[in-house]
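Here is a short walk through one model. Keep the backbone and the ligands in view as you read.

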Amino acid sequence: MTRFTAPMLAATLALWATSAAAQEATGEAIYDYCQSCHGKRGEGGEGGKYPRIAGLPQSYVDKQLHDFKEQRRINKPMIPIFKHHRFDDDVIATVSAYIADMGVPDLALWPNDPDPEAVAAYESRGAFTEAGARKYADGCSGCHGETAAGDPLAGVPPLVDQYPAYLRKQLADFATDTRRHRDSAACADIAPGEAEAVIDYLVELGK
Ligand code: HEC
Ligand code: HEC
C-alpha cells in the first residue's frame, strides 16, 4: 500500500479539479482520494490504523462522511479532503455507493492474537472467547446482529471483517465520548477487558 503524503493528496485534488471539471465525477475517480489510506480494494491497512471500508452499507458510509465533514466525528487525517469545495452531498453519495459495492476483502484476521493480560483475567483462552460471546449476545447483537453483519436499514455497521485495533479505538472513543452517536452509550457499555473478549469473539465470528 502506498503511504499517504500531503503532496500526494494535493496532487490528487488538483487532478480531480481539472479532469473532472467538465463531467460528473465517478465513484472510481472520487475513490482516488481514499486509496492512499484505505487501499485499492478498500481493505484499509497499517494494522487497522485505516479501517476496512469496502462493502460497508452505503447509508452508514454516507453518514460517517457527513459526520467527518461537519466534524461531529473527529478524523484529523481526513479533514483536508473536506476542505475541497467539490466534496458536496452528491459526491459523498456517489463515493458511498461505490464503496458499498466493493467486495469485502479477506483481511486474514483469524487467528486473533489478544493481549495476554486481558486473557489472564479468565480461566483459559476458551473462557475468554466464551465471555466475549456472552457479552456480545447480551449487549450488542440486538443491534449489530447475531452474526455481527450489521443492519443497513437501521444504520448499524457490521463488526466482522474489521481490524481489532480499529474496533478497540472506536470502543475507547465511545467510552470517552470522543465519538458520539445516537446509540453510542450502548456501544460503550463495556469494560476494557470485556472489550478485548468481544473483539476476540468478533474475529472468531468472521473467520
Ligand atoms: C489520510 C488518510 C485517509 C484518507 C486519504 C481517507 N481516510 Fe477515511 N479514514 C482514515 C482514518 C484514520 C479513519 C479512522 C478514523 C477513526 O479512528 O475514527 C478513517 C475512517 C473512515 C471511515 C469510517 C469507517 C467506519 O467503519 O466507520 C470511512 C467511511 C472513510 N474513512 C471513508 C473515506 C473515504 C470515502 C475517503 C476518500 C474520499 C477516505 N476515507 C480517505 C484515514 C483516511
Ligand atoms: C441500540 C443499538 C446498538 C447497540 C446495543 C450496540 N450498538 Fe454499536 N453501533 C450502533 C450504531 C447505530 C452504530 C453506528 C453509529 C454511527 O452512525 O456512527 C454503532 C457503531 C459501533 C461501532 C463502530 C463501528 C465502525 O465501523 O466504526 C462499534 C465498534 C460498535 N458499535 C460496537 C458495539 C459493541 C461492542 C456493542 C455491545 C457492547 C454495541 N456496539 C452495541 C448501534 C448499537
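Start in the loop between helix 4 (58-69) and helix 5 (79-83), where Gln-71 lies. Helices here are DSSP runs of H or I with at least four residues, numbered from the N terminus. This is a predicted model: local features need pLDDT of at least 70, side-chain atom pairs count only at pLDDT 80 or more, and totals for chains, interfaces and linings use all residues. Residues are numbered from 1 along each chain as its sequence is written, while chains are lettered from A and ligands numbered from 1 in the order in which they are written.

Gln-71 is not a glycine, yet its phi is positive, about 55°. Is Gln-71 buried or exposed? It is exposed, with 11 other C-beta atoms within 10 Å. The cut-offs: buried means 20 or more other C-beta atoms within 10 Å of a residue's own, exposed 12 or fewer, partly exposed in between, with C-beta atoms placed from the backbone.

Asp-161 also has a positive phi of about 55° and is not a glycine. Its place is the loop between helix 9 and helix 10. Asp-161 counts as buried, because 22 C-beta neighbours fall inside 10 Å.

Next, the peptide bonds. Trp-110 and Pro-111 are joined by a cis one, with omega about 0°. Pro-111 sits in the loop between helix 6 (89-101) and helix 7 (116-120).

Now turn to ligand 2. It has 22 residues around it, each with its backbone-placed C-beta atom within 6 Å. Cys-140, Cys-143, Asp-183, Ala-186 and Cys-187 come nearest. Helix 9 (141-144), helix 10 (164-175) and helix 11 (184-187) each give two or more residues to this shell.
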